[in-house]
Amino acid sequence: MSPRSEASRPELAPYAAQDTLTKGRVNAEPPAAPRGEFQRDRDRIVHSTAFRRLEYKTQVFVNHEGDHFRTRLTHSLEVAQIGRTIARMLNINEELTEAVSLAHDLGHTPFGHAGQDALNESMKDHGGFEHNLQSLRVVDKLEQRYAEFDGLNLCFETREGILKHCALANARELGDLGQRFIDKNQPSLEAQVANRADEIAYNNHDVDDGLRSGLLSEDGLMESRLYARHHDEVMAKYPQLTGRRKTNEIVRRMINTLVLDLVTTTQANLEQTGAKSLDDVRNAPPLVGFSDQIREQQQELKHYLRVNLYQHYQVMRMTSKAARIIQSLFDAFHSEPKLLSPEHNENVQRDGARAISDYIAGMTDRYAMREYRRLFGVEEISV
Ligand code: MG
């Protein structure tokens, strides 16, 4: 076993995160060799309860609308896939990129962004709710898997990557981990890659799911230069192609273009700043990014998706219903904690409204709907 002061993976780029140079875990543990510290983190995330619940949490479409739409779980797996590809091309730490990617959405409420907005509104007099901060809370406090500590006791670098953004007021409460928001420093390249992989994943799978659902049309999507360019490329090569195969050929080309552009631009940024260590990366401006041209086209596609998919009236009907469920559950538990099971009630006695927020944020879509029916459904008066 190599001493903890040496790089365990000398083949990685000098600015990559090294397992053996981690800033460590809150609770000291023996080294994770032969797995490596970040692989251990990744494994702990995969075994967590919050990770399994992602299967039944909405990304854009509620889970029961169709078996082929993305859920938060399949979204997270796609982020990890794209993230690992980019990490490998940049010769940085794939395991850390994967750990951050798999954990990045653990704190999401049921029903996607509508759920988060509703919970934030309900929590406005109790410190608010922010899914990013909640992801950190899940891995730091809420998972109960170990005899000796709460949470998963992950490495600093993994936790730093999970906390993508953070209001200054919250950052001041987070000690070491919050310091970078106060100093305006960056996280590791691996965390920056996971963040961009998230963006690449959702833009592309939302095009795919949007077309599949019939809420988006091909004609409409031609307004996006990114889509139009790859559409024309596919049609030139396969003029007869239609349906799912055509969409898949377009989407996979879009992902490829974005990944290659990100890698090339990031390599150029690294060269330009001359970063030689993880500390250099932390002190530099964000180094992982797209070229101006591709960034603009990504923004254009994002805008198109916002107007035509996320604000589609059928999606809005779903999200407004979801928001009402979250709000009603919160109000009911807040005004009468005795409606909660003894275990959750005990948490509320100790942590107040935050414990209600933890309980609701942890719910899957279907569990939230079931709780709603149990509390408010007049057809079900039995226990
Ligand atoms: Mg995400």
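**Reading a predicted model, term by term**

Biologist: Why is P34 called exposed?

Modeller: P34 has a relative accessible area of 86%. Exposed means over 50%, so P34 qualifies as exposed. Note that this is a predicted model. P34 sits in the segment before helix 1 (37-46).

Biologist: What is the peptide bond from A33 to P34, cis or trans?

Modeller: The bond from A33 to P34 is cis, with omega near 5 degrees. Most peptide bonds are trans.

Biologist: How far apart are P34 and T22, in sequence and in space?

Modeller: P34 and T22 are 12 residues apart in sequence. In space they are 15 Å apart, C-alpha to C-alpha.

Biologist: What makes F111 buried?

Modeller: The relative accessible area of F111 is 3%. The cut-off for buried is under 20%, so F111 counts as buried. F111 lies in the loop between helix 4 and helix 5. Its phi is near 65 degrees, a positive value in a residue other than glycine.

Biologist: And why is N91 called partly exposed?

Modeller: N91 has a relative accessible area of 33%. N91 is in the loop between helix 3 and helix 4. Its phi is also positive, near 60 degrees. Most residues other than glycine have a negative phi.

Biologist: Which residues coordinate the magnesium ion, and how do you know that they are donors?

Modeller: H75 (NE2), H104 (NE2), D105 (OD) and D198 (OD) coordinate the magnesium ion, at 2.1 to 2.6 Å. A donor atom must be within 2.8 Å of the metal, so these atoms pass. In sequence the donor residues are spaced H-x28-H-D-x92-D.

Biologist: What does the pair H75 and H104 tie together?

Modeller: H75 lies in helix 3, and H104 in the loop between helix 4 (94-103) and helix 5 (112-122), so the pair ties together parts that are 29 residues apart in sequence. Both H75 and H104 are buried.

Biologist: How do the axes of helix 3 and helix 13 cross?

Modeller: The axes of helix 3 (residues 72-90) and helix 13 (residues 243-273) come within 10 Å and cross at roughly 35 degrees. The crossing is right-handed. Helix 3 contributes I82, T85, I86, M89 and L90 to the contact. Helix 13 brings I255, V259, L260, L262, V263, T266 and Q267. Those residues divide into nine nonpolar, three polar and no charged.

Biologist: How many helices and strands does the protein have?

Modeller: The protein has 19 helices and zero strands.

Biologist: What makes the protein as compact as a globular protein of that length?

Modeller: The radius of gyration is 22 Å. The globule rule gives 21 Å for 383 residues. The two values are close, so the protein is as compact as a globular protein of that length. The C-alpha trace spans about 65 × 60 × 35 Å along its principal axes. Buried residues make up 53% of the 383 residues.

Biologist: How many contacts join residues at least 24 apart?

Modeller: The share is 68%, among contacts between residues at least 6 apart in sequence.

Key
Residues are numbered from 1 along each chain as its sequence is written. This is a predicted model: local features need pLDDT of at least 70, side-chain atom pairs count only at pLDDT 80 or more; totals for chains, interfaces and linings use all residues. Side-chain values use heavy atoms; hydrogens and water are left out. Axes are lines fitted to C-alpha atoms, for helices over the stretch in contact, and angles run from 0 to 180 degrees between N-to-C directions. Helices (H or I, at least four residues) and strands (E, at least two) are DSSP runs, numbered from the N terminus. A crossing is left-handed if the near helix is turned anticlockwise from the far one by less than a right angle, and right-handed if clockwise. Contact means heavy atoms within 4.5 Å. Ala, Val, Leu, Ile, Met, Phe, Trp, Tyr, Cys and Pro count as nonpolar, Asp, Glu, Lys and Arg as charged, and the others, Gly among them, as polar. Donors are N, O and S atoms within 2.8 Å of the metal (3.2 Å for Na, K and Ca); water is not among the atoms, so sites may look incomplete. Buried means under 20% relative accessible area, exposed over 50%, partly exposed in between (1.4 Å probe, protein chains only). The radius of gyration is taken over C-alpha atoms; the globule rule is 2.2 Å times the number of residues to the power 0.38.
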